[in-house]
Amino acid sequence: MAKKPKTVLSLCRATGVLHLGNYLGAVRDFVALSEDPNAECYFGIADLHALTSLTDPEKLRPATRQVARDYLAAGIDPQQSALFLQSDVKETNELFWLLCNVTATGELLRSKTYKEMSDKQPENVNAGLLMYPVLMAADILGPQADLVPVGDDQITHLEMARNIAKRFNHRFGETLRMPAPYRKSSIRVPGLDGKGKMSKSDGNGFGIAEEPEAIWEKLRVAYTDPARQRRTDPGNPDLCPIATIHRFVSPKDDVEKIEDGCRTAGIGCIDCKKILHGHLSDLLAPVRARNQKLTDGDVSDALAAGATRVRTRFQETVATVRERMGL
Ligand code: SF4
């Protein structure tokens with residue numbers, strides 16, 4: 001396959017089923033990027049990173065495979081893009097160690113994520129938490145990525161990868177490509193419990209390949225503006241997660257009708273949710289259809305092919321880095 005002008009690398013956490021928030025906030029953009037004829041995309045699932053806060057080894061492999069399956073269901077074509085598990089790329093570990101030697105310890109100790117994670121799991125402040133940004137730098141610099149889709153929470157890690165590349169190039173000569181951020185859409189999908197964003201750990205969302213009936217059962221009981229005790233009470237859509245999700249997935253006319261109806265008590269919450277359910281069902285129908293056709297073998301084949309492709313890129317980088325470092 002001919003090399004395309006820009007290389008895109010994205011790593012996602014091995015969290016299991018992808019929910020609507022993952023889809024609207026990231027995966028939908030990845031599918032669009034993967035269809036760009038100028039972009040060669042590598043989508044990794046960060047199972048090595050998951051070890052820094054591992055609680056149950058039995059759950060990690062199924063969670064990892066589920067993410068791969070959902071990526072394929074969402075529309076990532078494994079013929080076009082490489083979908084891989086981070087742990088299948090053995091070269092990452094070697095590059096990680098090589099890069100450790102051009103990484104400033106002070107920068108790692110000052111990392112906001114390290115401090116946050118140490119506070120979150122004080123009983124397990126392992127060295128992996130500290131070294132996490134170097135592993136991420138290896139993930140990014142190994143395939144010589146030009147663009148890395150990042151949200152606000154990951155921008156500092158990309159900055160550290162750039163610092164590591166800069167330091168390496170300064171010391172050993174121009175070798176590592178400088179990755180640039182590709183800003184992901186800033187869509188923040190609220191949880192159906194009205195308590196912040198949709199998240200797997202809070203169980204306040206639904207999977208992108210779930211059946212419409214199952215999604216409806218969750219929408220039906222979702223949090224709404226508490227001021228609407230009765231059908232005749234007016235509400236405030238700005239206080240309701242259902243209205244926010246409408247803004248992301250429903251046509252403009254429907255959004256206006258619903259917001260006006262909410263404020264004037266012209267529409268009830270169940271009818272409002274039914275309209276949203278209809279739009280969600282349409283949006284996710286292709287995902288569901290692809291998921292129904294996917295087999296375990298398809299997922300394994302995609303991951304094997306993706307690992308082979310990304311390893312080839314890593315091998316070139318590692319060989320040059322080794323040589324420049326005198327090995
Ligand atoms: S009518 Fe819709 S937007 Fe208004 S409170 Fe009910 S569910 Fe929320």
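**Cavities and helix packing in a predicted model**

The residues lining the largest cavity divide into nine nonpolar, two polar and three charged. About 120 Å³ of space lies inside the largest cavity. Its lining is made up of 14 residues, and those nearest the centre of the cavity are R228, C240, C262, C269 and C272. Three elements, α10 (241–249), α11 (252–263) and α12, each give two or more residues to this lining. The greatest contribution comes from α12, with three residues.

The count comes to two cavities of 30 Å³ or more. The second largest cavity has a volume of about 30 Å³. L9, L11, F84, T92, D139 and F314 form the lining of this second cavity. By class, that lining divides into four nonpolar residues, one polar and one charged.

The next topic is how helices pack. Two packed helices are described by the angle between their axes and by the distance between those axes. On the α1 side the contact involves L20, Y23, L24 and R28, which meet L280, L283, L284 and V287 of α12. This contact has seven nonpolar residues, no polar residues and one charged residue.

A second pair is formed by helix α4 (residues 91–100) and helix α13 (residues 296–324), which pack at an angle of about 30° with their axes 10 Å apart. Because angles under 35 degrees count as roughly parallel, α4 is described as roughly parallel to α13. The crossing of α4 and α13 is left-handed. From α4, the residues E91, T92, E94, L95 and L98 take part in the contact, while α13 supplies R311, F314, Q315, V318, V321 and R322. Sorted by class, the contact of α4 with α13 has five nonpolar, two polar and four charged residues.

How values were computed:
Residues are numbered from 1 along each chain as its sequence is written. This is a predicted model: local features need pLDDT of at least 70, side-chain atom pairs count only at pLDDT 80 or more; totals for chains, interfaces and linings use all residues. Side-chain values use heavy atoms; hydrogens and water are left out. Axes are lines fitted to C-alpha atoms, for helices over the stretch in contact, and angles run from 0 to 180 degrees between N-to-C directions. Helices (H or I, at least four residues) and strands (E, at least two) are DSSP runs, numbered from the N terminus. Angles under 35 degrees count as roughly parallel, over 145 as roughly antiparallel, 65 to 115 as roughly perpendicular and the rest as oblique. A crossing is left-handed if the near helix is turned anticlockwise from the far one by less than a right angle, and right-handed if clockwise. Contact means heavy atoms within 4.5 Å. Ala, Val, Leu, Ile, Met, Phe, Trp, Tyr, Cys and Pro count as nonpolar, Asp, Glu, Lys and Arg as charged, and the others, Gly among them, as polar. On a 1 Å grid over the protein atoms alone, a cavity is a set of points where a 1.4 Å probe fits but cannot get out, and a pocket is an open set with protein on both sides within 12 Å along at least five of seven lines; lining residues have an atom within 4 Å of a point. Grid points are joined across faces, edges and corners, and a volume is the space filled by probe spheres set on the points.
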